[in-house]
Amino acid sequence: MTPLEAVIMVALFTLATVITRVAAFALFPASRPTPHVVVYLGRVLPFAITGMLVVYCLKNVSLFAAPFGLPEGIAIAVVVVLYLGVKNSLLAIAAGTVVYMLLVQLVFI
């Protein structure tokens, strides 16, 4: 890829990002009420996406071969316990990620 192609590509990505950000304000101005379907999707999509990500992350885990899903199970337990205790999603997910990485790099080699 030439430098000119790279600049053009970055410019197009920037333009696409700006258009998608501005489109939300153009389609749903503050002067009109938000459509019910958009409010509904805003309420249910975060949970659906989270469930989909959990399934995606666990799709290749084998319960019948070592380490039998132990790193993943321990990391999930850390996330659940921290979230229930502290009610901070970011902290729980970050801690679960760190625990998982430590387990797979240092313990379950």
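1. Lining of the largest pocket: α2 (36–58) gives the most, with seven residues. This is a predicted model, where local features need pLDDT of at least 70, side-chain atom pairs count only at pLDDT 80 or more, and totals for chains, interfaces and linings use all residues. Residues are numbered from 1 along each chain as its sequence is written, and side-chain values use heavy atoms, with hydrogens and water left out.

2. The largest pocket holds about 790 Å³ of space (the volume filled by probe spheres set on grid points joined across faces, edges and corners). A pocket here is an open set of points on a 1 Å grid over the protein atoms alone, where a 1.4 Å probe fits, with protein on both sides within 12 Å along at least five of seven lines; lining residues have an atom within 4 Å of a point.

3. Of the 19 lining residues, Thr50, Val54, Ile76, Val79 and Ile93 sit closest to the pocket's centre. The lining splits into 14 nonpolar, four polar and one charged (Ala, Val, Leu, Ile, Met, Phe, Trp, Tyr, Cys and Pro are nonpolar; Asp, Glu, Lys and Arg charged; the others, Gly among them, polar).

4. Now the helix pair: α3 (residues 70–86) and α4 (residues 89–107) pack at about 155 degrees, axes 8 Å apart (lines fitted to C-alpha atoms over the stretch in contact, angles from 0 to 180 degrees between N-to-C directions; helices are DSSP runs, H or I, of at least four residues, numbered from the N terminus). That makes α3 roughly antiparallel to α4 (over 145 degrees).

5. Val79 in α3 and Ile93 in α4 are among the residues of this contact (heavy atoms within 4.5 Å).

Note on methods. Helix = DSSP H or I, 4+ residues; strand = E, 2+ residues; numbered from the N terminus. Parallel < 35°, antiparallel > 145°, perpendicular 65-115°, else oblique.
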